[in-house]
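Student: Hi, I'm new to this one. Can you walk me through it?
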Amino acid sequence: MALDVVLITGMSGSGKSVALNALEDAGYYCVDNLPPELLPAFVRLKHAHHGNRVAIAIDARSAASLPNLPKRLQQLRTLRDQGVQLHILFLDANTSTLVRRFSETRRRHPLSPTDAPDGKALAEVIEHERELLAELREHAHVLDTSSLLGPQLQSYVRSLIRAPANQLTLVFQSFGFKHGLPLDADYVFDVRMLPNPYYDPQLRPLTGRDEPVQQFLRQQPSAQAMQAHIAQFLDEWLPAHQANHRSYVTVAIGCTGGQHRSVYLVEQLSAQFQGQWNTLRRHREMDGRSGKTKAP
């Protein structure tokens, strides 16, 4: 029987508990804060006892053991022929968001030397955590939760783990440059030079999912050329990612506000590549921005 293993890791305060709860609701046997030394033995045990879905959270609370975690992950990858499929998700968020989340919840950062650090000290602890996790981040699919509400994060995690672990999944994501670059992008394409529907009063309240905006952009030769150039680039390099055993590639497309041009191109490209790769689409500014509390 195949064993599906999801490793949830990442920055403290990035939403790992929310992600783990989503997997538990989806029927995964979940373990929080498993010591990295026990990871291979635990997976073998679950496999031997005919488990089929396991989710494990490992983070900076195991700081002393983190340097050996990439070696443990390589041991798990050698079990692929025995039916063990491994997804590694690294949840991240920008420093200002993490500082705000810790301040709002009044929780102590696990690496903090004091019970109530001020904002500057907390930011320094967060940057230290980034350094500790940098190598692990390189082995994982990164998910930026800075702008996500809890339900959006749960939905994103469920969509990712539904994709086969042995096939590359292509994630197209729109975003607005005025809200900052996404932390989880493997490739970023800037489409701010394209004609902007925002300046048409009738199109301004719409998005790139709406037919009038799509019709406007389909009539722009530059928009069609941009789509063709991005597609040509991906056709050239995605096979190399798959040959290198990458599970996910995130392609971020940005315009000024993340409502029209980038959304249109994400919709078009995801439809274009759907028959070739496992394809997911996200719209950061439309999916996640709200005045509500973000993912903890």
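Tutor: Let's start with a term. A nonpolar core is a set of buried Ala, Val, Leu, Ile, Met, Phe, Trp, Tyr and Cys residues joined through side-chain atoms within 4.5 Å. Keep in mind that this is a predicted model.

Student: OK. Which residues touch the most other members of the largest nonpolar core?
Tutor: Leu39, Val43, Ile56, Ile58 and Leu73 do. That core holds 31 residues.

Student: Which elements give two or more residues to this core?
Tutor: S1, H2, S3, H3, S4, H4 and H5.

Student: And what is isoleucine 58 in contact with?
Tutor: Leaving aside neighbours within four places in sequence, isoleucine 58 contacts Leu7, Ile8, Thr9, Gly10, Leu34, Pro36, Leu39, Leu66 and Leu69.

Student: What about a second core?
Tutor: There is a separate one of 25 residues. Phe172, Leu203, Ile230 and Leu234 are among them. As a general point, nonpolar side chains in soluble globular proteins tend to be buried together.

Student: Back to Leu7. Where does leucine 7 lie?
Tutor: In strand S1.

Student: Is leucine 7 buried or exposed?
Tutor: Buried: its relative accessible area is 1%, and the cut-off for buried is under 20%.

Student: How many residues of S1 are buried?
Tutor: 8 of its 8 residues, so the strand is mostly covered. Leu3, Val5, Leu7 and Thr9 point one way from S1. Asp4, Val6, Ile8 and Gly10 point the other way. In a regular strand, side chains alternate between the two faces of the sheet.

Student: What else is leucine 7 in contact with?
Tutor: Leaving aside neighbours within four places in sequence, its contacts are Ile56, Ile58, Leu73, His87, Ile88 and Leu89. Leucine 7 and valine 54 are 47 residues apart in sequence, and their C-alpha atoms are 8.5 Å apart in space.

Student: Zoom out. What is the strand order in the open sheet of 5 strands?
Tutor: S2-S3-S1-S4-S5, with parallel pairing. Strand S2 (29-32) and strand S5 (141-144) stand at the edges. Each has a single partner strand, so one side of each is left without a neighbour in the sheet. Neighbouring strands here are turned by 20° against each other on average, direction ignored.

Student: How many bridges join S2 to S3?
Tutor: 4, and the two strands run parallel. Aspartate 32 has alanine 57 of S3 as its bridge partner.

Student: Which helices lie on that sheet?
Tutor: Helix H3 (residues 69-77) lies across S1 and S4, at about 150° to S4. Helix H6 (residues 150-162) packs on the sheet as well, touching S1, S4 and S5. The direction of H6 makes about 155° with that of S4.

Student: What about the open sheet of 4 strands?
Tutor: Its order is S7-S8-S6-S9, and the pairing is parallel. The edge strands are S7 (187-190) and S9 (278-283), each pairing on one side only. S6 (residues 169-176) and S8 (residues 248-255) run parallel, joined by 8 bridges. Phenylalanine 175 stands opposite glycine 254 in S8. H6 packs on this sheet, touching S6, S8 and S9.

Student: New topic: helix pairs. At what angle do H7 and H9 pack?
Tutor: About 85°, with their axes 10 Å apart. H7 and H9 are therefore roughly perpendicular to each other.

Student: Which residues make the contact?
Tutor: Gln214, Leu217 and Arg218 come from H7, and Arg261, Tyr264 and Gln268 from H9. They divide into 2 nonpolar, 2 polar and 2 charged.

Student: Last one. What is the phi of asparagine 33?
Tutor: Positive, about 60°, although asparagine 33 is not a glycine. It is found in the loop between S2 and helix H2 (39-48). Asparagine 33 is partly exposed, at 30% relative accessible area.

Student: And arginine 106, where is that?
Tutor: In the loop between helix H4 (95-105) and helix H5 (119-138). Arginine 106 counts as exposed, at 76% relative accessibility.

Terms used: Residues numbered from 1 in each chain as written. Predicted model: local features only at pLDDT ≥ 70, side-chain atom pairs only at ≥ 80, totals over all residues. Heavy atoms only, no water. Pairing = 2+ DSSP bridges. Axes fitted to C-alpha atoms, helices over the stretch in contact; angles between N-to-C directions. Contact = heavy atoms within 4.5 Å. Buried < 20%, exposed > 50% of the residue type's maximum accessible area, 1.4 Å probe, protein only. Parallel < 35°, antiparallel > 145°, perpendicular 65-115°, else oblique. Nonpolar A, V, L, I, M, F, W, Y, C, P; charged D, E, K, R; others polar.
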